[in-house]
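User: I'd like to talk through this model with you. Can we take it one question at a time?

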Amino acid sequence: MAAEGWFWRWGWGQRCPGRPGLPGPGPGPATLLHLILLLGLVAADITDGNSEHLKREHSLIKPYQGVGSSSMPLWDFQGSTMLTSQYVRLTPDERSKEGSIWNHQPCFLKDWEMHVHFKVHGTGKKNLHGDGIALWYTRDRLMPGPVFGSKDNFHGLAIFLDTYPNDETTERVFPYISVMVNNGSLSYDHSKDGRWTELAGCTADFRNRDHDTFLAVRYSRGRLTVMTDLEDKNEWKNCIDITGVRLPTGYYFGASAGTGDLSDNHDIISIKLFQLMVEHTPDEENIDWTKIEPGVNFLKSPKDAERKAEEKTLSLGRD
């Protein structure tokens, strides 16, 4: 079995039926011993489900204790966000609404995994709904703006669950999940659905499902992975997997949503944040992780060629 295959089985695999969101069990002892002999030191970089620890101070779990409470302020919300006993509704199915919810505690974990149980639903028919949810790990919190209800030119990581294609020329199939890392210098272009600043993405049919929908984000040793469970099969499906990502510690987790002329209900049922038990080298441990600037170690942006090709087409059209 290849190392990548082992990572999927052990690190993600099936979610435990009794504990929604958690990765399932890995290989048995005999299989594990055989794999270690085959893969050697590769095993040191792989984390099994039993080594992950729920961090309650960064998690949003029913009955939502600490949400908007001055006595235990774990989460704050603003805008159109509405708290119920079963979900946190970021926006109702109404036009021109913005809402968000933000963890009150900065996260100082170097390696983490976040599982989000969410629901996007409404009465709008095909392409007559919007706009979607954004999941954040950013320096600033509780700052409303034009990017799915939160500020533009942010510092940190964003995962966009976009339900409406603003770019009529796009070949993407929506709903669409994409990832963006920003050091404050980049602006999200709504007219192009963030195409120029997207690092990677995938089509994901998560809207108006009659069963639970989940998304998982893992960040460890510069590797960012996004998985989905949208088919009611109790297992993760790969969406995004990129390396060379640099994220500092001390940022905040949050979720936001926005509607415009079109609308949807955007609900968060739970957010679970797990610490990944990963060994780092002495040099890595000596780094001040709070001073790292968000970025990606690309020799060339994956969208550069696409942008240049479109600019060339536009130039030819003007001649």
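User: Which strand holds Ile-177?
Analyst: This is a predicted model, where local features need pLDDT of at least 70, side-chain atom pairs count only at pLDDT 80 or more, and totals for chains, interfaces and linings use all residues. Residues are numbered from 1 along each chain as its sequence is written, and side-chain values use heavy atoms, with hydrogens and water left out. Helices (H or I, at least four residues) and strands (E, at least two) are DSSP runs numbered from the N terminus. On that count, Ile-177 sits in strand β9.

User: What is the C-alpha separation of Ile-177 and Ile-240?
Analyst: Ile-177 is in contact (heavy atoms within 4.5 Å) with Ile-240, leaving aside neighbours within four places in sequence, and the list also includes Phe-160, Cys-202 and Leu-215. Ile-177 and Ile-240 are 63 residues apart along the chain, yet their C-alpha atoms are separated by 8.7 Å.

User: How many bridges join β8 to β9?
Analyst: Two strands pair if DSSP finds at least two bridges between them. Strand β8 covers residues 155–162 and β9 covers residues 176–183, and they run antiparallel. Leu-157 stands opposite Val-181 in β9. The number of bridges joining β8 to β9 is eight.

User: And the loop between β8 and β9: is Glu-168 buried or exposed?
Analyst: Glu-168 lies in that loop. Its C-alpha is 8.8 Å from that of Lys-192, which is 24 residues away in sequence. With a relative accessible area of 80%, Glu-168 is exposed.

User: Why is β7 largely enclosed by the rest of the structure?
Analyst: In a regular strand the side chains alternate between the two faces of the sheet. Gly-132, Ala-134, Trp-136 and Thr-138 point one way from β7, while Ile-133, Leu-135 and Tyr-137 point the other way, and all are buried. So β7 (residues 132–138) is largely enclosed because its buried residues number seven of the seven.

User: Which residue in β15 stands opposite Thr-138?
Analyst: β7 pairs with β8 in the antiparallel sense over seven bridges, and there Thr-138 stands opposite Gly-156. Seven bridges also join β7 to β15 (residues 252–258), again antiparallel. In β15, the residue opposite Thr-138 is Tyr-252.

User: What volume does the largest cavity have?
Analyst: On a 1 Å grid over the protein atoms alone, a cavity is a set of points where a 1.4 Å probe fits but cannot get out, and lining residues have an atom within 4 Å of a point. Grid points are joined across faces, edges and corners, and a volume is the space filled by probe spheres set on the points. One cavity of 30 Å³ or more turns up, with Trp-136, Thr-138 and His-155 among the lining residues. Its volume is about 60 Å³.

Technical notes:
Buried means under 20% relative accessible area, exposed over 50%, partly exposed in between (1.4 Å probe, protein chains only). On a 1 Å grid over the protein atoms alone, a cavity is a set of points where a 1.4 Å probe fits but cannot get out, and a pocket is an open set with protein on both sides within 12 Å along at least five of seven lines; lining residues have an atom within 4 Å of a point.
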